[in-house]
Amino acid sequence: MYRVGIDLGGTNIKVGIVDDLNQILIQDSVPTKAERPYQEVLKDMAELVIALTEKMNIKPNELLGIGIGSPGTIDAKNGVVVYSNNFGWENVPVTKELGKYFTCPIRISNDANCATLGEVRAGAARETRNVILLTLGTGVGGGIVIDGNIFEGAHAGGAELGHTSLILGGELCTCGRKGCVESYTSATALIRDARRAAKNHPESKMNMLCKGDIANMDGRIPFEAAQNGDAIAGEVINNYISYLGEAIINFVNIFRPDVVLLSGGICNQGDKLTVPLSKYIEKGCFAGDKAYVPEVRCATLGYHAGIIGAANLV
Ligand SMILES: [Zn+2]
C-alpha cells in the first residue's frame with residue numbers, strides 16, 4: 001500500500017509517494033505561487049498527486065491516504081490552515097478542498113510536526129517514540145512526538161516551542177512577544193548577535209570573513225571565526241549555545257524525551273553544535289545525573305522528513 005506525503009512550502013509544493021517501509025518511491029514539485037486563490041494552489045497539488053500515482057500505476061484503492069505538512073497555525077482536527085504568514089492564508093479548508101479530487105483520507109499538520117514524525121519513523125530518531133524537535137531557521141518551529149504520535153494539542157496553535165519565553169522582556173519576537181526562544185536561537189538571531197559583536201569589535205575576524213560588510217554575515221561565519229581562535233566570535237557562539245541549551249533544558253524538564261533533534265542550516269556545524277550543547281544540558285536538566293538526559297542529535301532526512309512525516313499522518 002502507498003501513502004502520499006506533501007510538503008507545502010512558501011515557494012514549492014513537494015509531493016512524494018511513500019511505501020510501507022517509509023521509502024520515498026517517487027517525488028516531484030510544483031511552484032506554490034501562493035498569491036493565487038487557494039483553490040488554484042490546491043488544484044495544482046491534486047494534479048501533481050494524480051500524475052505521480054498514475055506514473056507509479058497506483059490504483060485508488062491502493063492509496064491509504066494523503067498527508068500535508070504546512071507552515072502556520074493548523075487546525076488538524078478540521079483540516080484547516082487557520083493562519084499562515086507564508087501564504088497569507090486565513091481559515092483555508094485544505095482537506096475539504098483537496099477532498100474534491102480524492103476518495104482516500106486526507107490529513108494536515110504543521111510542517112515542524114511532520115518533520116518530527118518523519119525523523120521518528122525513518123530518520124535520526126528511528127528507534128525512539130518520544131522526541132522533541134526544534135527547526136532552527138528564519139524562525140524556530142517546534143515538533144513534539146509522544147508515544148510515536150504527533151502531539152497536536154486540543155486546539156490549533158499548540159507545540160509552538162519556539163514561542164515560549166526565554167528572557168523576560170528580551171528581544172522582540174516575530175510573534176509580537178518579547179524574549180521568545182525563537183528570538184535567541186533562530187539563525188536570524190544568531191546572525192543578529194554576530195553582527196552586533198562584529199560591529200562593536202572591529203578587530204574580530206568575523207569582519208574579515210564578512211569582507212568588511214556585516215550585511216554579509218551568515219550563521220556559518222561566527223562558528224568559523226571561533227574555530228580560528230577569535231574570542232569575540234567565541235563569545236557569540238557560547239551565548240548561542242547557552243540560549244539553545246536553556247531552551248532545551250526547559251523542554252527536557254517538561255517532556256523528558258528519548259532524543260532532542262535539531263534541524264536547519266546550523267546543523268551543518270555538526271559536533272561543533274551538538275557536543276557543547278550536550279555538555280550544557282547534562283549539567284542543567286532537573287535531577288542531574290540521577291535522571292535520563294536525552295541525546296541532542298541533528299535531523300538527517302532534510303526536506304524528506306516533511307514528506308515522510310506527512311505521509312505518516314494517515
Ligand atoms: Zn515568539
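How many residues does helix H5 have, and how far does it reach from its first C-alpha to its last?

**Ground rules.** I am working on a predicted model, where local features need pLDDT of at least 70, side-chain atom pairs count only at pLDDT 80 or more, and totals for chains, interfaces and linings use all residues. Residues are numbered from 1 along each chain as its sequence is written, and side-chain values use heavy atoms, with hydrogens and water left out.

**Helix H5.** I looked up H5, residues 187-200, and found 14 residues reaching 20 Å from first C-alpha to last. That is close to the 20 Å expected at 1.5 Å a residue, the expected span being 1.5 Å times one less than the number of residues. Helices (H or I, at least four residues) and strands (E, at least two) are DSSP runs, numbered from the N terminus.

I then checked burial in H5. Ala-187, Ala-189, Leu-190, Ile-191, Arg-192, Asp-193, Ala-194, Ala-197 and Ala-198 are buried. Buried means under 20% relative accessible area, exposed over 50%, and partly exposed in between (1.4 Å probe, protein chains only). The cover over these residues includes strand E9 (131-136) and helices H4 (182-185), H6 (205-209), H7 (220-227) and H8 (231-255).

**Zinc site.** Which protein atoms are the donors of the zinc ion? I noted His-163 (ND1), Cys-173 (SG), Cys-175 (SG) and Cys-180 (SG), at 2.1 to 2.4 Å from the ion. Donors are N, O and S atoms within 2.8 Å of the metal (3.2 Å for Na, K and Ca); water is not among the atoms, so sites may look incomplete. Along the chain the donors follow the spacing H-x9-C-x1-C-x4-C. The 4 donor atoms subtend angles of 102 to 123° around the zinc ion, so the arrangement is tetrahedral; four donors count as such if all angles lie between 85 and 135 degrees.

**Positive phi.** Most residues other than glycine have a negative phi. I found that Asn-22, not a glycine, has a positive phi of about 60°. Asn-22 lies in the loop between strands E2 (12-18) and E3 (24-31), and is buried at 11% relative accessible area. Lys-211 also is not a glycine and has a positive phi of about 55°. Lys-211 sits in the loop between H6 and H7, and is exposed at 74%.

Terms used. Contact means heavy atoms within 4.5 Å. Four donors count as tetrahedral if all angles lie between 85 and 135 degrees; four count as square planar and six as octahedral if opposite donors are over 155 degrees apart and all others between 65 and 115; anything else is irregular.
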